[in-house]
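Below is a short briefing on a structure with more than one topic to cover. The sequence and the model come first, and the notes follow.

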There are 2 protein chains.
Amino acid sequence: MLKKIQYEKKPDKEVLKERLRAEKEELFSRQMKLKEHKLPVIVLVEGFGTAGKGAIIGSVIQSIDPRFFKVSAVTRATPEEKRRPWLHRFFEKIPEEGKFQFYDSGWMDEITRGRLDGSLDDIAYAGRIDSVRRFERTLTDNGYLVFKFFCDITKKEQKKRIKSLKNNIDTAWRIDDYDKWQNRHYDKCREVFDRYFEDTNTPNAPWYMIDASSKKWAELQMLTVINDGLENAMQNQAKSVPIMQNTYRLKKMPLLKDIPLNCSLTQEKYDTELKELQDRLRELHNRLYRMKVPVIIAYEGWDAAGKGGNIKRITGALDPRGFEVCPIASPEPHEKARHFLWRFWTRLPKDGHITIFDRTWYGRVMVERLEGFCSENDWKRAYNEINEFEKELRDWGAVIIKFWVQIDKDTQLKRFTDRQNTPEKQWKITDEDWRNREKWDAYETAVDEMIQKTSTEFAPWHILESNDKKYARIKALRIVVEELEKVLGAGKE
Amino acid sequence: MLKKIQYEKKPDKEVLKERLRAEKEELFSRQMKLKEHKLPVIVLVEGFGTAGKGAIIGSVIQSIDPRFFKVSAVTRATPEEKRRPWLHRFFEKIPEEGKFQFYDSGWMDEITRGRLDGSLDDIAYAGRIDSVRRFERTLTDNGYLVFKFFCDITKKEQKKRIKSLKNNIDTAWRIDDYDKWQNRHYDKCREVFDRYFEDTNTPNAPWYMIDASSKKWAELQMLTVINDGLENAMQNQAKSVPIMQNTYRLKKMPLLKDIPLNCSLTQEKYDTELKELQDRLRELHNRLYRMKVPVIIAYEGWDAAGKGGNIKRITGALDPRGFEVCPIASPEPHEKARHFLWRFWTRLPKDGHITIFDRTWYGRVMVERLEGFCSENDWKRAYNEINEFEKELRDWGAVIIKFWVQIDKDTQLKRFTDRQNTPEKQWKITDEDWRNREKWDAYETAVDEMIQKTSTEFAPWHILESNDKKYARIKALRIVVEELEKVLGAGKE
């Protein structure tokens, strides 16, 4: 059921002017509180072509210090952008805390266009809607304030504006074929838009309809909603939100303590299999490049479990033009100031490419959980947020392979000591490693919970038993080859 | 005169294998020293099509931890990339200190292609060569180690490889029309390449010719050069390099103390001119968008000089989809770890757009100089580096407008006190502002030197007398309008 805002009648000129002045002042004085409250604000402005979205945004930002906002004009996706998940170009632009991000049309425009030009059928449309709801919810759950405005004008008004813009050389470029098409198919557009509002009008990110028949009046409506919303958000700034339960089917996974670690490989067998699997992977890499399949390989594991060496055996088979290894350390200030998944969204591969993450977004439910870098509500919510993130990637067509590199406590001690005593390896061991080791049990609990809760059928964890590093490397290579073959076909071509 | 490296005869198989093993080990053990020395390394790999650049890079990186290198496969510029300065896509990828960046073909490929397809005439070519020499020199001057390799094969060998790659479905995509064209016009290519080597073979970034007739042999040559180069660089890590003198024509500028600050405007005159100039700017913004002219506006000035309010009067006239304000604070770790201009290169506008920098790259010769955040050699060298940077932008077609917002010491004190005493303004004043104020004289010296040394004819400083903020705002608007009219035409269309 659509919760439309009540249209108020447009006030008289003098009243309008006075109220506009007051709202502007209010927004201006509020922006600093925003900063103190570390509140990030997203303002999505959609609307009919020629409704004046740009001009209205242009007026609203007059009341905000330029340091505290950005505007992005989202046009149709470029070929480069189409090589990433469809939400990528929107997620990439989310603001830092304390700042505004205005989107001059965005994800609604993309979906409704697809609906109107027939490129999104019912099933694809439903998928997009799910995706939008998850996207908006994970933002608001993580403290973002999300405003969604639709600038509305009548068919007649639109026709008039198209004509007048076309007659001026400096504004003619503002009119494109879609604007004209919209006007000819106004009713059909309205139907598709209305359906979209119903599908995405949620309590956490409701729609606001703006009567855009006159600019100042539209501006007043938008300012009023923003001011009220900011006031509200700052009063109620959520310390915690409901934890959504996972609804994806999960794979049954063992607990760490039940994983036998006595597997090993002879040097001979290792050499033979390494060569065989790397040759196979090399072929598959060519093929996935050609078939434009994106691949994401995620490594987590105990310190000194052998992640680095394991990764090297994978990359050893890959064409360097087609992969990237992303080592993940603690976030930099501009990363910490955004949704915790932002720095992973911005590091996703293009289709046909492989990104290997050396540590991952799972830091949220391990180190951030144990060191108190986020709240309990944050990390508890993260299991579902992560599953949804990976679902998004899967729906995009990505192969996702997640490795937990497992060793026992004695093996870690042996390797730490060895690193300590070998000059070329000393850089690999820090005081922090020793401190983390003391928290082994707490980590084990967290890892068990993580593996149980995030082994979805589309992105399950794979355990690499790594007391014997050779065994773990061959197992990793085999899993990568098998997972790729599922998508690319097993046979030679 | 070309300083070619001596071709050594390819050693016997066994010797090759042994030497390769030794070089690999050496590189592996060296990578950590690289980190300690904070040495950033650029490896540009150019060569004939099918020379095996990717494969050679693929082998070399086997000896480097994946955390310490990235490879970028530079293909032809995308339409998005063409909207930025041509060096942008290369500069954007320079490594952090302690890391390797491999370019699988790069700026040589771009230029020689342009030469071969006729799109770069003699004058344009000469401009590109200047640009490359400046680019490579500013990198090496700032502590980057730059290796340039050319992988060489004969016409016959190339023909053979093209044929064999074409016959396999998984490798056929590696051959493009340019490879085939190269083979048919091999001699012409060689001529253009040779000329390029001569033009860009500099002591700070010399060329190394690699005999790429066999992969392992090519790998050995590259590893040997890299290992020797690293050793050398770490021994001689330059604490200071020669200061190049500015060779661009400079405008005569006054000293700050000689600038009269008694200019002012009545409210009435201010209101009239503000409206007039903003209307005019609004038109010009449409036009520059249409004509795809990029605009860069740089603001520097005393604390409380009124930069923020001044910027707002400019942006007030602009369509928010066509401009961005970049507030520049102290650099984040990933920014500090790169060339000081990197964070400005990556924030440049697309053509047709305006970027306003609220503080700029001139921090190098002001705060970094005075606070000792860089060495004396660094900031002394920076005047020329900055002039060259702006020249690059000018050659790209950008309009560059630089404002120094000037007030006297008493006015600053008045404004500081006012901020202190007005609750809504308190966020604008910090202890740092007071500390900076104590260094007024030192700053004045630095600013005078900066304005004298960087007022090139293509990007001079404009002084905004801002004891009266209204006067400064109108002056800024007028200068912006005039500078844009120089490029876009003064008349109405």
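Axes here are lines fitted to C-alpha atoms, for helices over the stretch in contact, and angles run from 0 to 180 degrees between N-to-C directions. Helices (H or I, at least four residues) and strands (E, at least two) are DSSP runs, numbered from the N terminus. This is a predicted model, in which local features need pLDDT of at least 70, side-chain atom pairs count only at pLDDT 80 or more, and totals for chains, interfaces and linings use all residues. Residues are numbered from 1 along each chain as its sequence is written, while chains are lettered from A and ligands numbered from 1 in the order in which they are written.

**Helix packing in chain A**
- Helix α6 (residues 155–166) and helix α7 (residues 177–184) of chain A pack at an angle of about 145°, and their axes are 9 Å apart.
- The crossing of α6(A) and α7(A) is left-handed (the near helix is turned anticlockwise from the far one by less than a right angle; clockwise would be right-handed).
- On the α6(A) side A:K155, A:Q158, A:K159 and A:I162 meet A:D179, A:K180 and A:N183 of α7(A); contact requires C-beta atoms, placed from the backbone, within 7 Å.
- By class, this contact has four charged, two polar and one nonpolar residues.

**Sheet in chain B**
- Five strands of chain B form an open sheet in the order β7-β8-β6-β9-β10, with parallel pairing; two strands pair if DSSP finds at least two bridges between them.
- β7 (323–327) and β10 (461–465) of chain B are at the edges with a single partner strand each, so one side of each has no neighbour in the sheet.
- From one strand to the next, the twist averages 20°.
- Strand β9 (residues 399–406) of chain B runs parallel to β10(B) and is joined to it by five bridges; B:W404 has B:I463 in β10(B) as its bridge partner.

**Positive phi outside glycine**
- A:K292, not a glycine, has a positive phi of about 60° and is in the loop between α10 (267–290) and β6 (295–301) of chain A.
- A:K292 counts as exposed because it has 12 C-beta neighbours inside 10 Å (buried is 20 or more other C-beta atoms within 10 Å, exposed 12 or fewer, partly exposed in between, with C-beta atoms placed from the backbone).
- B:S105 has a positive phi near 65° and is in the loop between β3 (100–104) and α5 (107–116) of chain B.
- With 23 C-beta neighbours inside 10 Å, B:S105 counts as buried.

**Interface**
- 43 residues of chain B are in contact with 43 residues of chain A.

Terms used
Two residues are in contact if their C-beta atoms, placed from the backbone, lie within 7 Å. Ala, Val, Leu, Ile, Met, Phe, Trp, Tyr, Cys and Pro count as nonpolar, Asp, Glu, Lys and Arg as charged, and the others, Gly among them, as polar.
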